[in-house]
Amino acid sequence: MMSERVLVTGATGNTGSALLDLLVERGVPVVAMVRSESGRAKVRADVPVVVADFDDPEAVAAALTGVRAAYLVTPSSERAQEQQERFAELAAAAGVRHLVKLSQLAAAEDSPVRFLRYHAAVERRIRELGIGYTFLRPNLYFQGLLNFSGSIAAQGTFFAPIGDAKISAVDVRDIAAVAAVALTEPGHEGRTYTITGPAALTHAEMAAEIGAATGRQVTFVDVAPAAFAEALRGMLPDWQAEGLVEDYAHYARGEAAAVDPSVAEVTGRAPRGFAEFAKDHAAAFTG
């Protein structure tokens, strides 16, 4: 039925593509939202696609027509808060009954981390709108380590300003699993889930697991925040690079080490460990 459709934004991204697979497995009438025509080819062939840029309110409103529930994630940008708040407002106006928003662990409007401030502001706006919601607050993604795959493959090293602080990072497949349950089963509206992996690890311990999966030595090197920022500026916009430095300062303070049981409680299955992730992605780390 049209009224039972679930809209997945970010359908070609880390969590969105994994979520699509899980919803199809559950037999849910799902539609993928992509930002441009080129995104159509990246979505599995058995899922209908709508093209709607977050900055095009008319296209987003059309995408939300006949949708029961939606999964909300936008690309990281200086305008993410504005885009997400507008999407939520359009969803409420379209009669969407449940919005599952991808947020971030420790989201708070008074946080020193800009990403955590904007996520908290969007959460507040969604609550103000009165729409049913579930907020997913994951820790650092395992898959974020794939950004270092080039240096790991070429030199057997990767760098970050985190020292020996532990972080309860999580696999994006487990984030998607929580989202799939929240979107399709009762009892999750009005809930906020902190989503972590099964253990808190240092980056050196992650390096050892990647080494075990690839059969070669991999070393983590702690670097100063300024050096990390300088390296990122060659690859990312300044706003995003500065935000990642703030993220890593948050991790280095030990503020992301707690392990939360939400994945197991919501899905009935323990979250994947880092060793499984490293084995599954060994080819990426060997080039």
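**A helix and an open sheet**

Start with helix α1, residues 14-25, in this predicted model. Its 12 residues, at 1.5 Å a residue, should span 16 Å, and its end C-alpha atoms are 18 Å apart, which agrees. The expected span is 1.5 Å times one less than the number of residues. Helices (H or I, at least four residues) and strands (E, at least two) are DSSP runs, numbered from the N terminus.

Residues are numbered from 1 along each chain as its sequence is written. In this predicted model local features need pLDDT of at least 70, side-chain atom pairs count only at pLDDT 80 or more, and totals for chains, interfaces and linings use all residues, while side-chain values use heavy atoms, leaving out hydrogens and water.

Which residues of α1 are buried? They are T15, G16, A18, L19, L20 and L23. Buried means under 20% relative accessible area, exposed over 50%, partly exposed in between (1.4 Å probe, protein chains only). The cover over these buried residues includes β1, β2 (30-34), β4, β5 (98-102) and α6 (172-184). After α1 comes G27, with a positive phi near 75°.

Now the sheet. Seven strands form an open sheet, in the order β3-β2-β1-β4-β5-β6-β8, with parallel pairing. Two strands pair if DSSP finds at least two bridges between them. At the edges, β3 (49-51) and β8 (191-195) each pair on one side only. Strands β1 (residues 5-8) and β4 (residues 67-72) pair in the parallel sense over four bridges. L7 has A70 as its bridge partner in β4.

Strand β6 (residues 132-138) holds R137. R137 is buried, at 18% relative accessible area. Beyond its neighbours within four places in sequence, R137 is in contact (heavy atoms within 4.5 Å) with residues including E123, Y193 and I195.
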